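Welcome to a short tour of a protein model. Please take a moment to look at the sequence and the 3D view before reading on.

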Amino acid sequence: MTKLKEKPKRAARGGMGRIPLALLVMAALVMMAVLRQLRQQPPADRSSVPPDTVTVDDGVNTVTITPHGDIPAATLSAEDFTASEDWVLYSGPSRQGIDVSEFQGQIDWEQAADSGVEFAFLRLGYRGSTEGGLYTDERFEENLAGAAGAGVSVGVYFFSQALDGEEAVREAEFVLDVLNGRTLDLPVMFDWEPVDTEGARTAGLGAQAVTECAAAFCGRIAETGLSAGVYFNRQQGYYVYDLSRLKDYVLWVSDPGVWPNFYYAVDVWQYSFSGTVPGIGAPVDRNIWFD
């Protein structure tokens, strides 16, 4: 703080001697406010942070979390990946894939396969975000036949807007009805996402309820002998899902970039929303399956 200069003694005679005292009082009050604010701020010294926490990038901020002890941490690093045009290549065993829905339009699966697409997750269906109806993706059957015919390994996903475990089980039953006994190369994935549509039925749904939905859906799928899994982004993985309840299922993280910067080990990494794939006339999501 800047030191206050003394006023000449003659100034006191004119009543000006009260000004320095007022300034000192104000300065003291300011100092007390600053000290109080500093006491409220988190310490910068990492020695005061609990040893069982880690610092992660959640896609928006750098935050500290307490990891789930029974879920392994990822061992991947940026050096394991190489960006090539709109592809990202992994140095270890892996497969390149995409995920598509009716929004990609008609797909020439032979061209897609020839370009290096080895697997695909097809949207089988979805629940309406306001009225809650269950619907089949308009191009699901077409994409299923085309991908399988081109030798592309196939899994499916269902876009959920379930409110509780009971609704999630109904979604799983819907998936099973559409498959009608057909087997898949890859899992049935649960894809619950918040939507900003006016009147969205899932607005404000809590993390515990979303985890319950995922667990119920995957559990019902697994009962039939099919593999099941959950799709989520980094923030959902850190703040919404209790991944310790989902650790027995396939984990698929959406984390666009040149390497997967998610703390936990996952099976599938969605690294782009805007891939360009021969045979597909619209931007498409690109993925890597880690074998």
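## A buried aspartate to begin with

Asp137 is buried, with a relative accessible area of 3%. Here buried means under 20% relative accessible area and exposed over 50%, with partly exposed in between (1.4 Å probe, protein chains only). Asp137 sits in the loop between β7 (134–136) and α3 (140–149). Helices (H or I, at least four residues) and strands (E, at least two) are DSSP runs, numbered from the N terminus. Setting aside neighbours within four places in sequence, Asp137 is in contact with Ser101, Glu102, Arg123, Leu124 and Gly125; contact means heavy atoms within 4.5 Å.

A word on what you are looking at: this is a predicted model, where local features need pLDDT of at least 70, side-chain atom pairs count only at pLDDT 80 or more, and totals for chains, interfaces and linings use all residues. Residues are numbered from 1 along each chain as its sequence is written, and side-chain values use heavy atoms, with hydrogens and water left out.

## The protein as a whole

The protein has 291 residues, and 42% of them count as buried. Its secondary structure comes to 6 helices and 13 strands. Among contacts with a separation of 6 or more, 63% are between residues 24 or more positions apart.

## The nonpolar cores

In soluble globular proteins, nonpolar side chains tend to be buried together. A nonpolar core is a set of buried Ala, Val, Leu, Ile, Met, Phe, Trp, Tyr and Cys residues joined through side-chain atoms within 4.5 Å. The largest one in this model has 66 residues, and those with the most contacts inside it are Ile98, Trp109, Val188, Phe190, Phe217, Ile221 and Tyr241. Helix α5 (residues 207–223) gives the largest share of this core, 8 residues. Apart from this core lies another, of 10 residues, including Phe119, Leu186, Met189 and Val268.

Which residues does Phe217 touch, leaving aside neighbours within four places in sequence? Phe217 is in contact with Phe158, Ala168, Glu171, Ala172, Val175, Val188, Met189 and Phe190.

## Aromatic rings

Rings of Phe, Tyr and Trp (its six-membered ring) pair if their centres lie within 6.5 Å; planes under 30 degrees apart count as stacked, over 60 as edge-to-face and the rest as tilted. By this rule the count comes to 19 aromatic pairs. In one of them, the rings of Tyr231 and Trp252 have centres 4.7 Å apart and planes at 70°, so the pair is edge-to-face. Tyr231 belongs to strand β10 (residues 228–233) and Trp252 to strand β11 (residues 250–254), so the pair ties together parts that are 21 residues apart in sequence. Both Tyr231 and Trp252 are buried.

Ring pairs also link Phe232, Tyr238, Tyr239, Tyr241, Phe262, Tyr263 and Tyr264 into a cluster. Elsewhere, Arg286 lies over the face of Trp87, at 3.9 Å from the ring centre. A charge sits over a ring if NZ of Lys or CZ of Arg is within 6 Å of the ring centre and within 35 degrees of the ring normal.

## Cysteines and a helix residue

How many disulfides does a search of the whole structure find? The result is 0 disulfides, a disulfide being a pair of cysteine sulfur atoms within 2.5 Å. Cys213 is buried, with a relative accessible area of 0%, and Cys218 is buried, with a relative accessible area of 0%.

Cys213 and Glu167 are 46 residues apart in sequence and 7.6 Å apart in space, C-alpha to C-alpha. Glu167 is found in helix α4. Neighbours within four places aside, Glu167 is in contact with Arg127, Gln161, Ala162 and Arg201.

## Residues in exposed loops

Glu85 has a positive phi of about 55° although it is not a glycine. Glu85 lies in the loop between β3 (81–84) and β4 (87–90) and is exposed, with a relative accessible area of 80%. Asn180 also has a positive phi of about 55° without being a glycine. Asn180 is in the loop between α4 (165–179) and β9 (188–192) and counts as exposed at 64% relative accessibility.
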